[in-house]
Amino acid sequence: MNKKLKFKGRLRLYFRLPVWFGILLGCTDAVIYTIDVTAGVILSGFTLIYLLCFLFLEHFNRSVIMNELVSFATQYGQIQKRLLRDLELPNALLDESGRVIWANRAFQQIVGKERPENKPIFNYFPEISKDRLPIGEEDATEVEFQQDDKDFHAKLKRIPLAEMVKNSDIFESDGVYDGCLISVYLFDETALKIAIRENDNQSLAVGLLYIDNYEEALDSIEEVRRSLLTALIERKVNKYFASIDGIVRKMEKDKFFFILRKQSLKVLQENRFDLLEDVKTVNIGNDMSVTLSIGVGVGGLSYSQNYEYARTSIDLALGRGGDQAVVKTKEGVSYYGGKSQRVEKNTRVKARVKAHALKEIISSKDRVIVMGHRMTDIDSFGASVGIYRIAKALGRSAYIVINDIMPSIRPMVDHFISHEEEGEEILIGNARAEELAGANTCLVVVDVNKPSITECPELLKMCRSIVVLDHHRQSEEIIENATLSYVETYASSACEMVTEVIQYVESGLKLRSAEADCLYGGIVIDTNNFISKAGVRTFEAAAYLRRNGADVTRVRKMLRDDLADYRAKAEAISKASIFRDVYAISTCVPEEAHNPTVVGAQAANELLNVTGIKASFVLTDYHQVIYISARSIDEVNVQIIMERLGGGGHLNVAAAQLSEISLEEATEKLKETLTEMSEKGEI
C-alpha cells in the first residue's frame with residue numbers, strides 16, 4: 001500500500017532536497033578537479049558516501065516514515081473528533097429535512113437525550129421550524145429561543161456536499177450534487193440577557209405630572225382650605241413616587257417633574273397608574289374632584305430624548321382631555337386612564353387669544369382654503385362655513401374643499417350656496433385645491449386632527465401656514481407642522497369652537513342666516529339635540545347663532561331623515577343584542593339608505609336609551625369598509641375602545657373603520673376587544 005502512496009506538497013520538496021544538494025556537490029566536484037585533483041578525489045568520495053547514505057535511508061525508512069505519518073493522521077483525526085464531541089459549545093449536524101444525524105455531548109445535555117439522532121430538531125426546539133432552515137450556501141439563519149429558563153441563540157449554517165461527492169471513492173453523481181448538511185451551534189446567552197435586562201430596568205424614565213383643574217378645584221372650596229387641599233395633593237403625589245423609589249419635584253403650583261427607574265415604571269403600568277383614581281379621593285369640601293395628567297418618556301437614546309418624549313406624552317394627555325397617563329417610547333405610545341369627561345372652562349381667554357392669532361395669520365395671506373375630514377358631516381361643513389365667513393370678512397378669497405357631498409348634508413349645502421353670490425367659486429375638489437395651495441395660502445383644518453383622514457392630505461405638505469381647530473381627542477397621529485393649533489376636547493363640536501372664534505376675530509362681524517343655520521346644525525348634530533356634551537358655552541354659542549338668524553325649525557327640517565334611512569335605523573335597533581350585560585351591539589346593512597354611516601351613528605345614539613346599557617356599538621358595511629359607531633353616556637370610555645381598533649374620538653362619542661374584513665369578523669373582533677379590556681380593568 002505504501003508503494004502506491006506518494007508524497008506531495010512541501011513534504012515532497014523536503015525529500016527531494018538531498019538529491020538536489022548531491023547533484024550540486026557533483027557539479028562543484030567537477031570544478032574542483034580542474035583546480036586540484038587530490039581535492040577533487042576527496043570531494044568525490046564524500047559525495048558518493050553522501051548519496052549512498054541518503055539512498056539507503058530513503059529506501060529502508062520510507063515505509064517507516066509513511067506509516068508514522070498515517071498513524072499521526074489517524075490519531076489527529078481521532079483527537080479532532082474527541083475535541084468536537086467534548087466541545088462545550090453545543091453543536092449538531094442536520095440533514096436537509098432538519099433531522100439530527102450527529103450531536104456532541106453539550107447538545108445532548110441540552111435536549112436531555114444521549115442519542116438525539118434520527119429525530120427532527122423541531123421536536124427539541126419548536127422555534128427552529130422547517131422554514132427557518134438556511135436555503136442558500138452563503139445564508140446563515142439565526143434563531144432566538146428559551147429552553148429550561150435559559151436564553152439561547154441558534155446559528156444554522158448550510159454545508160454543501162458537492163465537493164465531497166466529487167472526490168469520493170464511494171459515491172458518484174450524474175451531475176453536480178446539490179445536497180447539503182446543516183450545522184447548528186447553540187450559544188447560551190442567559191447571563192448576557194439577564195445583564196441587558198437588569199441594565200435596561202435600571203435605566204431612567206422621565207415624567208411630567210400636571211393637575212388638570214387646579215384653579216377650578218380651588219375655586220370650589222373656601223379660601224382658608226385651599227392650602228390644605230394643595231398640601232394633600234402634594235402629599236399623595238410625593239408618597240406615591242417615593243413608594244417606588246422615584247424622585248418628584250414641584251416646578252409650578254400645578255406642575256411636577258419626576259424621574260424613576262424603568263423597572264418602577266413597569267409597576268405603575270401594571271397598576272394602570274392608580275394615582276389617577278387615588279387623587280380623586282381628596283375631598284375637603286371641594287365640589288370638584290381633582291384630576292391629573294401624566295406624561296412619561298422612556299427608552300430614548302439619552303436623558304434629553306426621554307424628556308422630549310415626556311413633553312410629547314403630556315401634550316397628548318392634555319389634548320385627549322386629561323385624567324390619564326401617557327407613556328411614550330421609541331416603539332409607540334400607551335394610554336392609561338382617561339375615564340373622566342374634561343371639565344368645561346368658564347373663561348374665554350383662550351378662545352380670544354386663538355381668534356386674534358387666527359386673524360393675524362389669515363390677514364398675512366392672499367387666500368384661505370378650508371377642509372374637514374373625509375365624508376364631510378354637518379359639524380365639519382358648518383365649521384368650514386364659519387371659517388369661510390371669517391376669511392371673507394377679512395377681505396380674503398376663501399374656498400371649502402369637499403370632494404363628495406354626502407346626502408345627509410346636501411340640504412344644508414344647497415341652502416348655504418343659494419344664499420351666496422351667484423357664480424362665486426366656493427366648493428372645490430382636491431385638484432383645484434392643490435392648484436390654489438402655496439406660500440400665500442392659509443390652510444384651515446376643522447373637525448379633525450389626523451392627517452390621514454383629512455379631505456386632502458396632500459395640502460398639508462403644500463401649505464406653510466396651517467391652522468387646526470378641532471374638538472376630538474388627539475392620538476399619536478397629529479398634524480405636526482401646524483402654525484396654530486386650537487384643540488379643545490371639552491367643546492361639544494367644531495361649530496361651537498368656530499362660533500366663539502367668530503365673536504372675537506373681527507368686531508362687527510355679522511353672519512348671514514344661512515351661515516348661522518350651518519353652524520347651528522353642526523352643534524345640534526354633535527350634541528344629539530343638546531343631550532350630549534352640551535355645556536354652558538354650548539348654549540351661549542347657540543344663542544349667538546340664534547341672534548344672527550339661525551332658525552331652529554328650518555335647521556330641523558334640513559336634518560330630517562328620509563324614509564329609507566329611517567327604516568334602516570329601525571332595523572339596526574331591532575337587531576341589537578346585549579353583550580356582557582351592558583354593551584349593545586348591532587349591525588347595519590342598508591341596501592336603500594342614502595346615509596348608511598349616519599344611520600349607524602343614529603342607531604347607536606338610540607340604543608343608549610335602553611335601561612342598563614353603558615355603551616352601544618353599531619357596525620355598518622359600506623363600500624367594503626366596516627364603520628363602527630360607538631356611543632356611551634358616562635361610565636365607559638368608548639374612545640380607548642375604538643383606539644384599540646385603530647379609530648378614535650371622544651370619551652362618549654367615537655368611531656373606527658376596519659378594512660379587508662367581513663361584518664361578522666368585525667363583530668367578533670369588537671367582542672374580543674371588549675372582553676379583553678373588561679377583564680384587564682381598562683374599561
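**Exercise 1.** Determine whether Glu420 is buried or exposed, and then find which side chain meets that of Glu420 in a salt bridge.

Solution. Step 1: Glu420 has a relative accessible area of 9% and is therefore buried, where buried means under 20% relative accessible area, exposed over 50%, and partly exposed in between (1.4 Å probe, protein chains only). Step 2: the side chain of Glu420 meets that of Arg389 in a salt bridge at 3.9 Å, N to O, the term standing for a side-chain nitrogen of Lys or Arg within 4 Å of a carboxyl oxygen of Asp or Glu. Step 3: Arg389 belongs to helix α13 (residues 378–393) and Glu420 to the loop between α14 (410–418) and β14 (427–428), so the pair ties together parts 31 residues apart in sequence; helices (H or I, at least four residues) and strands (E, at least two) are DSSP runs, numbered from the N terminus. Step 4: Arg389, at 11% relative accessibility, also counts as buried.

The model is predicted, so local features need pLDDT of at least 70 and side-chain atom pairs count only at pLDDT 80 or more, whereas totals for chains, interfaces and linings use all residues. Residues are numbered from 1 along each chain as its sequence is written, and side-chain values use heavy atoms, leaving out hydrogens and water.

**Exercise 2.** Characterise the salt bridge between Glu234 and Lys250.

Solution. Step 1: the closest N and O atoms of Glu234 and Lys250 are 2.4 Å apart. Step 2: Glu234 lies in helix α8 (residues 226–242) and Lys250 in strand β7 (residues 247–252), 16 residues apart. Step 3: Glu234 is partly exposed at 21% relative accessible area, and Lys250 is partly exposed at 39%.
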